[in-house]
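Let's take a friendly walk through a protein model. Have the sequence and the 3D view ready as you read.

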Amino acid sequence: MPATPAAGPRLPDTATLRARAATALRRCGIDLEAHTAPPAHEGDTLPARTPLTGGTLAHLPATTPEQADAAIAEAHRTFQEWRTVPAPRRGALVKRLGELLTAHREELADLVTIEAGKIRSEALGEVQEMIDICDFAVGLSRQLYGRTIAGERPGHRLSESWHPLGVVGVISAFNFPVAVWSWNTAVALVCGDTVVWKPSELTPLTALACDGLLARAAAEVGAPAGVHRLLLGARACGERLVDDPRVALVSATGSVRMGQLVAPRVAARFGRCLLELGGNNAAVVTPSADLDLAVRGIVFSAAGTAGQRCTTLRRLIVHEDVADGLVERIVQAYGQLPLGDPFDASTLVGPLISTAAHTAMSDALAAAQQAGGKLLTGGERCYEAQAPDAAYVRPAIVRMPEQTEIVRTETFAPVLYVLTYRTLDEAIALHNGVPQGLSSSIFTRDQREAERFLAADGSDCGIANVNIGTSGAEIGGAFGGEKETGGGRESGSDAWRAYMRRATNTVNYSADLPLAQGVNFL
Ligand code: NAD
């Protein structure tokens, strides 16, 4: 196990981060001072914090219930107009947004690092994901196709058309503070919907920057300002979107627990829900795998983003013939992962979002060891003297005798459980034997094994990969998962359909009135 260094790397201080956040915001057109609650402010305030130090950057006025109601009302009013704007013209708004995001890539990445703790290249990657989905949505704005269907009656034409749905309420999680917003917003806007966004209470500054850039894009292309509204606050703020019948679709990303609360409430008012919830992702490594490639894919998926992606690799299911050698190499690679300031170009693992996340990780490690697991590396908190309110934690690996309850639970931290198997059937049973169903992968050079993993009786996840890890999806595919992950699909492919309503149209251009199924009447 690597020893905790007595003195850690140089970590940034809260004052420096506050200044850097204010500069990034200013360049995005947002004056942080103007968004900071004055001392006499009477409503709730929302602290903006940084996991790099655990310090507070600002206190923002939280959205009041009256303001949330007004925001939803405005988005609803604007929808009546926006839905009639031709889709390619709606695309012009998203095109401009993509240009502004490109121009402010660095500043947005700064904010992602400051609020979510992502290392520089991952923060830039997240911003790139926003730019990519804007490109995708602009193309989509000319491709919202319906079908023409072969009807059974002569002189009739049967077809489908797709129409804007209404206000989309976007509730997002802390760990993808901007990408998830953009997947929803870019697509919803070209589909003719308006958006009300409730970002994570942990990342309000990043949200202010995105909202500001979209407002600027709207002003520049002559789109109504009410196409997008921002609600800043915690759970109660999200509940306003959940319960308001003017919100046609609630697209909610977060924990399974959140989805369990949100889904029945939206269903009770017959609203639509798109859920992107927790994952407990696994990779199967077979004896034929290219182990060099597997080690790299596994380490990135398991320890990257400090284990705080919904697609993070949490379970490694290795054939027993290659398990010892592979695990030894992964443990070795973990020992060389630089942990520290995410702004430092050499850092590969930044801080967890909070010290509470480290407590949850320690509890999981204790439960795993109590169930017979052997901790091979990691779990210790570093640099406590320098940053007592932050959680810089070494990613952990635990070898488990079996898939116990704790292995079946998503702990949102870098814990990789290792399990072994003898037959591929056994591996797939272990793989699918958890309540979540987001991402999965197999490392193999045997085509039979790869195809079996992708087949109907293989991986039961929404994402199934071969010879790459579980994380790092491209925007072109539909993103989402099955079972407790919630069943939603966002981003590419035909995920846009969730943001529109379908009408089936039958047009009779004949002088007769034949009835379907040969029914005679009059
Ligand atoms: P969280 O569930 O604590 O919060 C997510 C969002 O939901 C926040 O904006 C929060 O304020 C809001 N919220 C919570 N309870 C609510 C309620 N009852 N009604 C309305 N809104 C409510 O999640 P988190 O800690 O921010 O993020 C980590 C979790 O998100 C992990 O479980 C991770 O797997 C999941 N996640 C999933 C995906 C995906 O695409 N499947 C993507 C990112 C994160």
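## Before we start

This is a predicted model, in which local features need pLDDT of at least 70, side-chain atom pairs count only at pLDDT 80 or more, and totals for chains, interfaces and linings use all residues. Residues are numbered from 1 along each chain as its sequence is written, and side-chain values use heavy atoms, with hydrogens and water left out.

Helices (H or I, at least four residues) and strands (E, at least two) are DSSP runs, numbered from the N terminus.

## Helix α10 and what comes after

Helix α10 covers residues 291–303. Its 13 residues should span 18 Å at 1.5 Å a residue, and the end C-alpha atoms are 17 Å apart, which agrees. The expected span is 1.5 Å times one less than the number of residues.

Most residues other than glycine have a negative phi. Just after α10, however, Thr 305 takes a positive phi of about 55°. Ala 306, in the loop between α10 and β11, has a positive phi near 50°. At 3% relative accessibility, Ala 306 counts as buried.

## Two helices side by side

How do α4 and α7 pack? Helix α4 (residues 105–116) and helix α7 (residues 204–221) meet at an angle of about 160°, with their axes 8 Å apart. Axes are lines fitted to C-alpha atoms, for helices over the stretch in contact, and angles run from 0 to 180 degrees between N-to-C directions. The two helices are therefore roughly antiparallel, the word for angles over 145 degrees.

On the α4 side, Leu 108, Leu 111, Val 112 and Glu 115 meet α7 residues, among them Pro 204, Ala 209 and Leu 213. Thr 203 lies in the loop between β6 and α7. With 1% relative accessibility, Thr 203 counts as buried, and its contacts beyond four places in sequence are Glu 115, Phe 174 and Pro 177.

Conventions. Parallel < 35°, antiparallel > 145°, perpendicular 65-115°, else oblique. Contact = heavy atoms within 4.5 Å. Buried < 20%, exposed > 50% of the residue type's maximum accessible area, 1.4 Å probe, protein only.
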